[in-house]
Amino acid sequence: MSVAEAPAKRGFADWVGADHTALLVMDMQADFASPDGAMGRMGVDLSGVPAALAAAERLVGAARAAGALVVFVRLETDPALDSPVWVERMRRLGGDPDHDLELCRIGAPGAAFVGPQPAEGEMVVSKLRYSAFYGTELDEDLAGRGVDTVVLCGLTTECCVDSTARHGFHMDYHVFVARDACAAYGADLHKAALRSLELNCAILADVGEFESVWRV
């Protein structure tokens, strides 16, 4: 959208109108969210995840009620597709690539969605990197449906939510983040990531604010 085409004044309800907005549910998968998933077994702080899952359930319900496009995004990995850079980064951090990269392998229990689940016919996007736009057809699919605004929720705030928000902003989408429907592995990290997003590329709002627009 060019500057000349941008509306002079639009309120929150206009910006996230269901006819031109997509809700992206990011990486709410067992390996990232469940105590017996890969990250849980590593001992990360999952205390913020249950509330984010519950809030995302509400957000998805409101989006569906309004007829907004709901897109479930997941990481799906395959050992044959682990790039040399991906493997080497883990090695440089002192990890064991043969073990530590076993995240969300295709068909494995850790790749399953937790919390909100895709309804029949809803779009599911599989990715190999942090951003939902990288190496996928998401942009083409959204553009084909007249979507110019994305609302993000999911895991984790500083990683896949952040990467997708920035990527979407660079591609001229209006980006919103449902701050209480996201979580990081630590409240301080979650808060810092939201602050950075708000400063640079996204509008933050609570789930209740989206519900007030979408549940009418």
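Reader: Which side chain meets Arg 58 in a salt bridge?
Author: Glu 211, at 2.5 Å, N to O. A salt bridge here is a side-chain nitrogen of Lys or Arg within 4 Å of a carboxyl oxygen of Asp or Glu.

Reader: What does the pair tie together?
Author: Arg 58 lies in helix H4 (residues 49-66) and Glu 211 in helix H10 (residues 207-214), so the bridge ties together parts 153 residues apart in sequence. Helices (H or I, at least four residues) and strands (E, at least two) are DSSP runs, numbered from the N terminus.

Reader: Before I go on, where do these values come from?
Author: This is a predicted model, where local features need pLDDT of at least 70, side-chain atom pairs count only at pLDDT 80 or more, and totals for chains, interfaces and linings use all residues. Residues are numbered from 1 along each chain as its sequence is written, and side-chain values use heavy atoms, with hydrogens and water left out.

Reader: Is Glu 211 buried or exposed?
Author: Buried, at 16% relative accessibility. Arg 58 is partly exposed, at 38%. Buried means under 20% relative accessible area, exposed over 50%, and partly exposed in between (1.4 Å probe, protein chains only).

Reader: How many salt bridges in the whole structure?
Author: The search finds 8. One of them joins Arg 179 and Glu 209, with the closest N and O atoms 3.8 Å apart. That pair links distant parts of the chain: Arg 179 is in strand S5, Glu 209 in helix H10, 30 residues apart. Salt bridges with shared partners join Arg 179, Asp 206 and Glu 209 into one network.

Reader: What about Asp 162 and Arg 166?
Author: Their side chains meet in a salt bridge too, 2.9 Å, N to O. Both sit in helix H8, 4 residues apart, about one turn of the helix. Asp 162 is buried at 11%, while Arg 166 is partly exposed at 23%.

Reader: Backbone now. Which peptide bond is cis?
Author: The one from Leu 155 to Thr 156, with omega near -20°. Thr 156 is in the loop between strand S4 (149-155) and helix H8 (157-170). Most peptide bonds are trans.

Reader: What is the phi of Cys 104?
Author: Positive, about 50°, although Cys 104 is not a glycine. Cys 104 is in the loop between helix H6 (97-100) and strand S3 (123-127), and is buried at 0% relative accessibility.

Reader: And where is Asp 172?
Author: In the loop between H8 and strand S5 (174-183). Phi of Asp 172 is positive as well, near 70°.
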